[in-house]
Amino acid sequence: MKLDIESQIKALRLTKLAFAKVKPTSKHKRETLALAFEQIKPILREYMKENNILAIELDLKNRKYLVLEPISNAERNFWVEQWLSGEVSTRRFQAQLKQRFQWVQYLSFSDFLSGVEAWLENKK
């Protein structure tokens, strides 16, 4: 099992390097990145399941990398403080509390993969 995690980390590092170095300026480069992404899909599925991430959207042509993540407690506490100080209406506050997930945009997909790598390192 430990060898399996080591090989997953190696594959993840190579994919992270590809997303960091290769700029998707041509169709061939975008296809290369898509294949690299396919290599780590099983790792990402496991990571998403354990971290309650609902979706990952990659738009290689426009370089948009979105992840649907749960809203952190710190952000919820921020809205509570805003509401208690009267800076946010009750209606807006209630609407914010109903939201459980938010789209997070990463400047580079390799930034997101760094978090996945740290998660895998902790599983060793």
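Student: Where is the place of Ser108?
Tutor: This is a predicted model, in which local features need pLDDT of at least 70, side-chain atom pairs count only at pLDDT 80 or more, and totals for chains, interfaces and linings use all residues. Residues are numbered from 1 along each chain as its sequence is written, and side-chain values use heavy atoms, with hydrogens and water left out. Helices (H or I, at least four residues) and strands (E, at least two) are DSSP runs numbered from the N terminus. Ser108 lies in the loop between strand E3 (101–106) and helix H6 (109–123).

Student: Is Ser108 buried or exposed?
Tutor: Buried means under 20% relative accessible area, exposed over 50%, and partly exposed in between (1.4 Å probe, protein chains only). Ser108 has a relative accessibility of 18%, so Ser108 counts as buried.

Student: Which side chain makes a polar contact with the side chain of Glu117?
Tutor: A polar contact is a pair of N or O atoms within 3.5 Å, where, within protein, one must be able to donate a hydrogen and the other to accept it, and residues adjacent in sequence count only if both atoms are side-chain atoms. Glu117 is found in helix H6, and at 10% relative accessibility Glu117 counts as buried. The polar contact of its side chain, at 2.6 Å, is with the side chain of Arg13.

Student: What distance separates the C-alpha atoms of Glu117 and Tyr47?
Tutor: Along the chain, Glu117 and Tyr47 are 70 residues apart. Their C-alpha atoms, however, are separated by 9.8 Å.
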